[in-house]
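Here is a short briefing on one protein model. Look at the sequence and the structure first, then read the points below.

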Amino acid sequence: QVQLVESGGGLVQAGGSLRLSCAASRRIFSINVMGWYRQAPGKQRELVAAINSGGSTNYADSVKGRFTISRDNAKNTVYLQMNSLKPEDTAVYYCNVWPWRDDYWGQGTQVTVSS
């Protein structure tokens, strides 16, 4: 029924950049705040950034000034521009609504930052 498809992850050296994309359904996009989450080995899943329909954003303290979340309502797509990447950013990144819904978790996309 619902598809949230993440893409754009990869292997990058510290200081590098990646741009993640999340394609969502129009129904989800129209009624929900959208967010990017990540989960590193041995850690709980955490919210990285969120954006509402008007473009207001919130960021985890650990990524403020480095990551930018945006959305294209015409394309039903959420983006996460990640700059100045650090090894501690290594994780599987997921998109979901905010607050998250268990049945919306997808496969995620792996981001690995080497030191």
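A residue is called buried when its relative accessible area is under 20%, exposed when it is over 50%, and partly exposed in between (1.4 Å probe, protein chains only). By that scale Lys64 is partly exposed, with a relative accessible area of 48%. This is a predicted model: local features need pLDDT of at least 70, side-chain atom pairs count only at pLDDT 80 or more, and totals for chains, interfaces and linings use all residues. Residues are numbered from 1 along each chain as its sequence is written, and side-chain values use heavy atoms, with hydrogens and water left out.

**Salt bridges**

- A salt bridge here is a side-chain nitrogen of Lys or Arg within 4 Å of a carboxyl oxygen of Asp or Glu.
- The whole structure holds four salt bridges.
- Lys64 pairs with Asp61, and their closest N and O atoms are 3.0 Å apart. Asp61 is exposed, at 64% relative accessibility.
- Glu46 meets Arg38 in another salt bridge (2.8 Å, N to O). Glu46 is partly exposed at 33%, whereas Arg38 is buried at 5%.
- Arg66 and Asp89 also form a salt bridge (2.8 Å, N to O). Arg66 sits in the loop between β6 and β7 and Asp89 in the loop between β8 and β9, so the pair ties together parts 23 residues apart in sequence.
- Are Arg66 and Asp89 buried or exposed? Arg66 is buried at 10%, and Asp89 is buried at 0%.
- Salt bridges with shared partners join Arg38, Glu46, Arg66 and Asp89 into one network.

**Strands and sheet**

- Strands (E, at least two residues) and helices (H or I, at least four residues) are DSSP runs, numbered from the N terminus.
- Two strands pair if DSSP finds at least two bridges between them.
- An open sheet of six strands runs in the order β2-β10-β9-β4-β5-β6, with mixed pairing.
- β2 (10-13) and β6 (57-59) stand at the edges with a single partner strand each, so one side of each has no neighbour in the sheet.
- From one strand to the next, the twist averages 25°. Axes are lines fitted to C-alpha atoms, for helices over the stretch in contact, and angles run from 0 to 180 degrees between N-to-C directions.
- β5 (residues 46-51) and β6 run antiparallel and are joined by three bridges. Ile51 has Thr57 as its bridge partner in β6.

**The disulfide**

- A disulfide is a pair of cysteine sulfur atoms within 2.5 Å.
- How many disulfides does a search of the whole structure find? It finds one.
- Cys22 and Cys95 form a disulfide, with sulfur atoms 1.9 Å apart. Cys22 lies in β3 (residues 18-23) and Cys95 in β9, so the pair ties together parts 73 residues apart in sequence.
- The link is right-handed, with 65° about the S-S bond. Both Cys22 and Cys95 are buried.
- Ser21 also lies in β3, and it is buried at 19%. Leaving out residues up to four places away in sequence, Ser21 has contacts (heavy atoms within 4.5 Å) that include Trp36 and Tyr79.

**Backbone details**

- Trp98 and Pro99 are joined by a cis peptide bond, with omega about -10°. Pro99 is in the loop between β9 (91-98) and β10 (109-114).
- Asn76 is not glycine, yet its phi is positive, near 50°. Asn76 is in the loop between β7 (67-72) and β8 (77-82), and it is buried at 17%.
- Ser84 has a positive phi near 50° too. Ser84 lies in the loop between β8 and β9 and is partly exposed at 40%.
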